[in-house]
Amino acid sequence: MERRFQSYRGTWAWLIQRISAIGLFVLIPIKIYTGWAAKSKVPDLFDLGRKVHFNGTIDILLLLFFLLHGLYGLRVILMDLGLVKE
């Protein structure tokens, strides 16, 4: 029996990596800015510096996006080297 090619695997991997990149692109500057605002080194916009910087949800999202982006990036590298098939 011939094995059917599942093209959607690569599509989901590509989509997850792009969404995680956008999430990192947004959350990392927010985390850095609110850290500086919490230390009173820059103006605190809307008095949210401490609330946002010490928010556990943002930390969990950063960790999740970092892991997803890194692992899917490693997958792409292994595919480029020919160690893993798509």
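Mentor: Let us begin with a definition: a polar contact is a pair of N or O atoms within 3.5 Å; within protein, one must be able to donate a hydrogen and the other to accept it, and residues adjacent in sequence count only if both atoms are side-chain atoms. Helices (H or I, at least four residues) and strands (E, at least two) are DSSP runs, numbered from the N terminus. Here, Asn-55 caps the N-terminal end of α3, with a side-chain oxygen 3.0 Å from the backbone nitrogen of Thr-57.

Trainee: On what basis are such values given?

Mentor: This is a predicted model, in which local features need pLDDT of at least 70 and side-chain atom pairs count only at pLDDT 80 or more, while totals for chains, interfaces and linings use all residues. Residues are numbered from 1 along each chain as its sequence is written, and side-chain values use heavy atoms, with hydrogens and water left out.

Trainee: How many helices and strands does the chain have?

Mentor: The chain has three helices and zero strands, and its elements run α-α-α from the N terminus on.

Trainee: How is the span of a helix such as α3 judged?

Mentor: The expected span is 1.5 Å times one less than the number of residues. Helix α3 has 26 residues and reaches 37 Å from its first C-alpha to its last, close to the expected 38 Å. After α3 comes Gly-82, with a positive phi near 85°.

Trainee: Which residue has a positive phi although it is not a glycine?

Mentor: As a general idea, most residues other than glycine have a negative phi. Ser-40, however, has a positive phi of about 60°. Ser-40 is found in the loop between α1 and α2 (49-53).

Trainee: Is Ser-40 buried or exposed?

Mentor: Buried means under 20% relative accessible area, exposed over 50%, and partly exposed in between (1.4 Å probe, protein chains only). Ser-40 counts as exposed because its relative accessibility is 63%. Of the 86 residues of the chain, 21% count as buried.

Trainee: Which residues make up the largest nonpolar core?

Mentor: A nonpolar core is a set of buried Ala, Val, Leu, Ile, Met, Phe, Trp, Tyr and Cys residues joined through side-chain atoms within 4.5 Å. The largest one has five residues: Leu-24, Leu-27, Ile-58, Leu-62 and Phe-65. The buried residues of α3 include Gly-73.

Trainee: Which residues does Ile-58 touch?

Mentor: Contact means heavy atoms within 4.5 Å. Apart from residues up to four places away in sequence, Ile-58 touches Leu-27, Lys-31 and Val-52. Ile-58 is buried because its relative accessible area is 14%. Although Ile-58 and Lys-31 are 27 residues apart along the chain, their C-alpha atoms are separated by 8.1 Å.

Trainee: Which residue forms a salt bridge with Lys-31?

Mentor: A salt bridge is a side-chain nitrogen of Lys or Arg within 4 Å of a carboxyl oxygen of Asp or Glu. The structure holds one: Asp-59 pairs with Lys-31, the closest N and O atoms being 2.5 Å apart. This pair links distant parts of the chain, with Asp-59 in helix α3 (residues 56-81) and Lys-31 in helix α1 (residues 8-38), 28 residues apart. Asp-59 is partly exposed, at 35% relative accessible area, whereas Lys-31 counts as buried at 17%.
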